[in-house]
Amino acid sequence: MTVGEGYDVTDAGRERLRRWRLVLGGGPADGTGCALSGRDAAMDGALAALYGKGDKPPAGRTGRDRSAGLGGSAPSVARWLGDIRTYFPSSVVQVMQRDAIDRLGLATLLLEPEMLEAVEADVHLVGTLLSLNKAMPETTRETARAVVRKVVEDLEKRLATRTRATLTGALDRSARVSRPRHHDIDWNRTIAANLKNYLPEYRTVVPERLIGYGRASQSVKKEVVLCVDQSGSMAASVVYASVFGAVLASMRSVSTRLVVFDTAVVDLTDQLDDPVDVLFGTQLGGGTDINRALAYCQSRITRPAETVVVLISDLYEGGIRDEMLKRVAAMKASGVQFVTLLALSDEGAPAYDREHAAALAALGAPAFACTPDLFPEVMAAAIEKRPLPIPDAV
């Protein structure tokens, strides 16, 4: 019996059949017995071009015998990009674009300006453009920069205010003083430190010693080093790290350094006033030498007790593993707060080297994946030298 035989013929039932038909792709095997027309047929054709199997169908055939293929020309791809933006919401369009790049090898077509103008810009598209940076012709470069800038500005609007507010509070609280003003007293710590002075008859604690924090001044209070793996699998993390690096660099109380690496190490600190310049200064792909990158970062640390080093990497080390671990141990012993992020993105659980992650955890530097929304809280905890808000294990 097919799905359609004896099935609910109400509006809700017909809508379910329609949806199943779009999912299954038509043909005698789908079992719905549901025909599509108009907008639904056009949607089905857009899906078939990406998720079907086999060769591109002859002209005039849509839906039935789904066949993947957008043709080899930029105009046909541009039309398809326009179609999916017409028929699907932005979040779905971004997924379909990403799948088209991965499944159908469309990355090289993004080197054409008219293609870039047609796509829906997001973090993943920026990662693809950065991986094509060296092959990008001059005619495309300005369009690509405009696409990247739009994504970066959107991310800054979403992330900057909360990041600054969270870290400003952390910087204030990290400046502990022994004689705080009344509104700067840390009452939880003060009460805990004076419990021996509890007076039962008055049911109160006599605060013999006050503990509080002073307000962070405009001078540099903390130094942050972002050490970012720019191997191909870390594309989204590179984008978010560049945005956060620019936000941190805009705070007077924080001295920020941004270092990217593969088998070579590049210091992009002098470009942090413009994260787009930072991104086009990266080179996604290649190998990984974490040890070399940490050696460079370690050589730039002048105030270890006031420094936070954030290593963002999947930990697939191509350099000297034991030396890498020794450097982490040495930095922690000197007073550096060391944070290891396996990814800084919204992409879900990342692939990573579990052996290296376990070795870092044994040194007191647990490695975990971090979303952009959690990153300000992680940095605040590191600045205040309190336990990190580590999410559930990946």
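Me: Start with confidence. What is the average pLDDT?

Reply: This is a predicted model. The protein chain averages a pLDDT of 82, and 85% of the residues score at least 70.

Me: Which elements have the lowest and highest mean pLDDT?

Reply: Strand β1, residues 176–177, is the lowest with a mean of 57. Strand β8, residues 307–312, is the highest with 98.

Me: Where does pLDDT stay under 50?

Reply: Over residues 54–67. The model still has 29 contacts beyond four places in sequence for that stretch.

Me: OK, the fold. How many helices and strands?

Reply: The protein chain has 14 helices and 10 strands. Its length is 394 residues, and 47% of them are buried.

Me: And what share of the contacts is between residues 24 or more positions apart?

Reply: Such pairs account for 71% of the contacts with a separation of 6 or more.

Me: What about the surface?

Reply: The accessible surface is about 19,100 Å², and carbon and sulfur atoms contribute 52% of that.

Me: Now the sheet. What is the strand order?

Reply: The six strands run β7-β6-β5-β8-β9-β10 in an open sheet, and the pairing is mixed. At the edges are β7 (265–267) and β10 (367–370), each of which pairs on one side only. From one strand to the next, the twist averages 25 degrees.

Me: How do β8 and β9 run, parallel or antiparallel?

Reply: Parallel, with five bridges joining β8 to β9, residues 337–344.

Me: Which residue in β9 is the bridge partner of Leu-311?

Reply: Thr-340.

Me: What about Leu-315?

Reply: Leu-315 is not a glycine either, and its phi is positive at about 70 degrees. Leu-315 lies in the loop between β8 and α12 (321–333).

Me: Buried or exposed, and why?

Reply: Leu-315 has 0% relative accessibility, so it counts as buried; the cut-off there is under 20%.

Technical notes: Residues numbered from 1 in each chain as written. Predicted model: local features only at pLDDT ≥ 70, side-chain atom pairs only at ≥ 80, totals over all residues. Heavy atoms only, no water. pLDDT = per-residue confidence, 0-100. Helix = DSSP H or I, 4+ residues; strand = E, 2+ residues; numbered from the N terminus. Contact = heavy atoms within 4.5 Å. Buried < 20%, exposed > 50% of the residue type's maximum accessible area, 1.4 Å probe, protein only. Areas by Shrake-Rupley, 256 points an atom, 1.4 Å probe, with all protein chains shown as cover. Pairing = 2+ DSSP bridges. Axes fitted to C-alpha atoms, helices over the stretch in contact; angles between N-to-C directions.
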